[in-house]
Amino acid sequence: MEKFTTLSGIAAPMPLVNIDTDMIIPKQFLKTIKRSGLGVNLFDEMRYTQDGAEIPDFVLNKPAYRNAQILVAGDNFGCGSSREHAPWALLDFGIRAVISTSYADIFYNNCFKNGILPIVLKPEEVDVLMKDAEKGANARIEVDLAAQTVTSSDGQVFSFEVDSHKKHCLINGLDDIGLTMEKAASIDAFESRASAQRPWV
Amino acid sequence: MSPKTLYDKIWDAHVAHEAEDGTCLLYIDRHLVHEVTSPQAFEGLRMAGRKVHAPDKTIAVPDHNVPTTLDRANAKTMTEDSRIQVEALDKNAKDFGIHYYPVSDVRQGIVHIVGPEQGWTLPGMTVVCGDSHTATHGAFGALAHGIGTSEVEHVLATQTLIQKKSKNMKVEITGKLRPGVTAKDITLSVIGATGTAGGTGYVIEYMGEAIRDLSMEGRMTVCNMAIEGGARAGIIAPDEKTYAYCMGRPHAPKGAQWEAALTWWKTLYSDDDAHWDKVVTLKGEDIAPVVTWGTSPEDVLPITGVVPAASDFTGGKVEAAQRSLDYMGLKPGQKLSDIQIDTVFIGSCTNGRIEDLRAAAAILKGKKKKDGLRAMVVPGSGLVRAQAEEEGLAQIFIDAGFEWRLAGCSMCLAMNPDQLSPGERCAATSNRNFEGRQGRGGRTHLMSPAMAAAAAITGHLTDVREMM
């Protein structure tokens, strides 16, 4: 997993609430057995017409946002299915951070496994950054994970909370499975205990 | 000992390791696997030279991509990319030695229907699957939730998940349901009341007389949609109905082990003075047969209602509601029961069990679907299909003009050939009415199986109580 430390990038505004995983990556693109290559289909049904032409009004089709690395989104971003194809598609497009007031639980966890930082801010703070993002490519938003801050293009600084374990893994680009395997003795001990107490499992 | 919720008890029984910051390794008793969210996880194991830690606790079944037409044994009924995914699961199940129900097996079906049916899901277990509707298994008093593919790989490799505990939310449905009101109406009404993010950060325990009165099938329908309310999991304390459902299933314990299990299962309830971080109470008698009008499961109204206007909402929901109305092709003030439909879909992990088919068949018996309407029933498993045939339900559907299909996820998410066309409007017993969910441009109204059957007869959304 790629490390996440700091990011200074163009932010695309998507104020719609409840943007679901079917919007982020429609089901026809889940038939892949790879993790890469989904960026071209990110937000596919909002981004392209049925015959594949770009819809010019869609934010990521506008010249200013084609290289966006941050999304500023409405409440409850990523609701719906558990498909990790959603963060894979975001990452493949080049998105490394999302800013919203809230996320669906599974999507939120999936982001951290893929080097994407989902940032939770207060509604009034998201409003400021949404307006900032609407200014286009000249307005760069800065994210500093170590300091847990987001800085708007005009220098307003907002702090965010993040779980210490998730932060540690993201900053160092750590593989969860490797870390857990270091605790194999605890897992073995649990299995011995559990199989005595609940042998039917 | 301090009082605990049911969730607290199951959690405590499964913590294999706890770090100082409260991050836990939660041990997983059952890992269910399907073809769409697992190929990258198995590939990850191969690349790292890792094995499946507990193949005996890992159960796989293909469901999302599989065609449900009777000719599906012919591989040509699948698109190439679907076939590659199903074949990858065939191979991964064999290579890693996990339990497997291939497409050709009569027990194949939707993973969340097969798990309980085969007795893999039992009270007090931790159950995960790379699918958000894993919440279904909470109906047994199991802690069950969806995970992403990286977590699938993590569970395959270590049989644990890195977790922090969620908060406790109680949803109580008091009293009795009125005639024509079902588990689906309960679960949709709860989401209508709390919103799709109302449960975010929580595990919901459903309780109250109306929940106790539900069958296991009904309880699965309720828990299935906990995720649509944003909750990590939904759970219902086990009782005599739960034990009766589990007893004698192929993978349920037998003899002395059954007795030992039962002794533990009977301790699985929330203590009277347990702490709840959030409480929602609905009166059973206030719940009506409901339908969704928009493109979020929270867009729920009684069938007697009218389509709302965007201006009825506040904040970001105004824009979202307008977008939903445009997408759904509806006008504010229009009576919900005037909405004409093109298609009826009965099935899915929400409503593809035998009781659902019985409820729909009871409405359809001796009647015909409206001319020109497309209607299909997709049983949740091969065994549900066989039982429905034995009970004569299949014939009722066929006589009513429905297609009688083989088991799979089908038109719930349209990864197989069962899809809506742009503008096609569907009365569906599934769980999501998102834009494009059932096919690009398709319009989905969620409802109970009885309501979907009523709509099939009239050709428009219909109050099933008028047919009872």
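This is a predicted model: local features need pLDDT of at least 70, side-chain atom pairs count only at pLDDT 80 or more; totals for chains, interfaces and linings use all residues.
1. Residues are numbered from 1 along each chain as its sequence is written, chains are lettered from A and ligands numbered from 1 in the order in which they are written, and side-chain values use heavy atoms, with hydrogens and water left out.

2. The contact (heavy atoms within 4.5 Å) draws 71 residues from chain B and 56 residues from chain A. The buried area between the two chains is about 5400 Å², with carbon and sulfur atoms giving 57% of that figure; buried area here is the accessible area (1.4 Å probe) that two parts lose on being put together, summed over both.

3. Between chain B and chain A there are five salt bridges, each defined as a side-chain nitrogen of Lys or Arg within 4 Å of a carboxyl oxygen of Asp or Glu. B:E153 forms a salt bridge with A:R35, and the closest N and O atoms of that pair are 3.0 Å apart.

4. The elements of chain B that give two or more residues to the side touching chain A include β1 (15–18), β2 (24–27), α3 (80–96) and α5 (149–158), where helices (H or I, at least four residues) and strands (E, at least two) are DSSP runs numbered from the N terminus. With seven residues, α5(B) gives the most to this side of chain B. By class, the side of chain B that touches chain A has 27 nonpolar, 25 polar and 19 charged residues; Ala, Val, Leu, Ile, Met, Phe, Trp, Tyr, Cys and Pro count as nonpolar, Asp, Glu, Lys and Arg as charged, and the others, Gly among them, as polar.

5. In chain A, seven strands form an open sheet of mixed pairing in the order β4-β3-β2-β1-β5-β6-β7, two strands being paired if DSSP finds at least two bridges between them. Its edge strands, β4 (117–120) and β7 (157–159) of chain A, each pair on one side only. Strand β3 (residues 97–100) of chain A runs parallel to β4(A) and is joined to that strand by four bridges, with A:V98 standing opposite A:P118 in β4(A).

6. In chain B, β1(B) and β2(B) run antiparallel and are joined by three bridges, and B:H17 stands opposite B:L25 in β2(B). These two strands form a hairpin with five residues between them, and B:G22 in the turn has a positive phi of about 90°.
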